[in-house]
Amino acid sequence: MENYKKGAALSVAATVTGKLFSFLSSLLLAFYFGATGKTDVYFYLILICAVLTGWLSSLNVSLVLPEFMHQREKSPNAAINLANFFLYIYIAAALIFCAAAYIWPSEILGAVSAFSPAEVNRSANLLFLSAVYFFSFFIMSYLIALCESYRMFGIYFLAPLNTLLPLLFLLSSKKLEAMFLGYITAYWIQGLLSLYLLRKKQAWHFRPAKPEFNKKFIQNFLYSQPGAMVWAAVLYAPLFMISSTQAGMVSAVNYSRMLSDSPTDILTSKVNSVAKVKFTAEAAKKQFAKMADTVIKTDKAVSVLLIPFCVFTCLFSQEIITMFFKRGNFTAQDVENTAKFLAMFIMAVPFIGFNNNVSNVFSALRIIKEITPRYLILGLICTAAFILGVKYYGAYAYPVIFLAMYAVMTFMNIITVRTFAPFIPYGKNMLWVLKTILISFICAAIVKYAFAFYQGNVFMEILIKGSAFVSLNGLALLFSGDLAYLTKTAGIKWKLR
């Protein structure tokens, strides 16, 4: 257990450092370029790459890595053959797609977006760079996941390079293209180091060999991919629709998502990533009581820290965006657009973490075939909702539907866990989460209206209101008993000196 805690702590620390560099890059991008047509294309490609990464990563997280770890218990060599097979498939796909992006950049960009032909022609050079960026990141992530399965968490030390190098490249050139080059360089460094660690510490070989696929793996693969493709469409559809709206809206979405995704990247995704390894190990050993305990502790410890932050950000989004971005070429209209997106996106963050955690449970239990149909139907409904919502109600329908989607998904997770993993008291856990959200909203609303008279410097305004909220919410957590639970879960011992 101690290795997992250290891995989670190291991962979070590395990600915090990386997010600081990423935040500085976003400030510079907003200052240099604001929210324009070219930044829309750049951010659109970044977001599309994130959608593709999520789709393909689900293959690794839910199928390849659990199967790799199960095979490793019986035959380490067979497990390596399986991992190498998928690595070579990914490399071949990367070469083909990058070649196509280099030869037909305008045609492909025009086909996957709704930007004007003029904007497509001006920004077509970004497509090839985004293709190399995407596959470099995806293959690096796959190799790091293999290292994680061996508890080689030291690889996290290089994670800040993912945002430091793009920042340095941007500062040196003041060009959007330099950001892609910085990302690509960082991913290659970490990918090569991962290969070295696997070879050096795990006696990894890279000889092509026929992998062993059992019937359960093939069934899960066939059942999971339609669902994964549908959920990729769920995320892609609103982005495509927003690219047809006025210039600057895609950029506003990205700036808001940069802030709203930070808690997920810093805290929940890293903790979930380490917990995923523990889930898989416990499931392989049929330690279901321990698995249930891990699920509940992970969700509760993260939510006590995360939910107050998200609620405060939601109610004070205008002030936060003004403080960080309103300078240079970032206009007052850009501030308003970004703040509206942020207020809704941030409230989905806790539920994204809960959903990822329970998805890892399903993967560890290898019940992909059994649960796919219900989530496939939900994905199709949400895709249609995004298309129709943005078409008839505008870009702001995107975050509203996004939040509603995760609320519905949480309810479905409760039913699914009760059916396939009844040893986990997931319904009671989510009731506890709703109580925490309600307490935070009450505290934030009191602060917002109690200090409504204050209209000073925006930094001081956030500092004063934030301090009051933290104090009030802390007292509420103390009297509700949740603060004591958090310290117990984290293993913190208070001493009077």
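**Exercise 1. Determine how the side chains of E119 and R122 meet, and state how exposed each residue is.**

*Solution.* Step 1: the side chains of E119 and R122 meet in a salt bridge, at 2.6 Å from N to O. A salt bridge is defined here as a side-chain nitrogen of Lys or Arg within 4 Å of a carboxyl oxygen of Asp or Glu. Side chains of opposite charge can pair when their charged atoms come close.

Step 1: both residues belong to helix α5 (residues 117-123), where they lie 3 residues apart, about one turn of the helix. Helices are DSSP runs (H or I, at least four residues), as strands are (E, at least two), numbered from the N terminus. An α-helix has 3.6 residues a turn, so residues three or four places apart point the same way.

Step 2: E119 is buried, with a relative accessible area of 9%, whereas R122 counts as exposed at 54%. Buried means under 20% relative accessible area, exposed over 50%, and partly exposed in between (1.4 Å probe, protein chains only).

The model is predicted: local features need pLDDT of at least 70, side-chain atom pairs count only at pLDDT 80 or more, and totals for chains, interfaces and linings use all residues. Residues are numbered from 1 along each chain as its sequence is written, and side-chain values use heavy atoms, with hydrogens and water left out.

**Exercise 2. Characterise the length, the kink and the surroundings of α11.**

*Solution.* Step 1: α11 has 28 residues and reaches 40 Å from its first C-alpha to its last, close to the expected 40 Å at 1.5 Å a residue. The expected span is 1.5 Å times one less than the number of residues.

Step 1: a kink of about 40 degrees is centred on S303 in α11. The bend at a residue is the angle between axes fitted to the seven residues ending there and the seven starting there.

Step 2: of the 28 residues of α11, 20 are buried, so the helix is largely enclosed by the rest of the structure.

**Exercise 3. Which residues form the nonpolar patch on the surface, and which helix gives the most to it?**

*Solution.* Step 1: the patch is formed by F85, I89, F213, I218, F221, L222 and Y223, with about 610 Å² of accessible area together. Patches are made of residues with over 30% relative accessible area and no salt bridge; like charges are joined within 9 Å, and nonpolar side chains (Val, Leu, Ile, Met, Phe, Trp, Tyr) within 5 Å. Accessible areas come from the Shrake-Rupley method with a 1.4 Å probe; for residues, only the protein chains shown count as cover.

Step 1: α3 (76-103) and α9 (215-242) each supply at least two patch residues. The most comes from α9, with 4 residues.

Step 2: L222 is found in helix α9, and L222 counts as exposed at 55% relative accessibility.

**Exercise 4. Locate K174 and A203 and state the phi of each.**

*Solution.* Step 1: most residues other than glycine have a negative phi. K174, although not a glycine, has a positive phi of about 55 degrees; A203, also not a glycine, has a positive phi of about 50 degrees.

Step 1: K174 is placed in the loop between α7 (161-173) and α8 (176-202), and A203 in the loop between α8 and α9.

Step 2: K174 is partly exposed, with a relative accessible area of 47%, whereas A203 counts as exposed at 60%.
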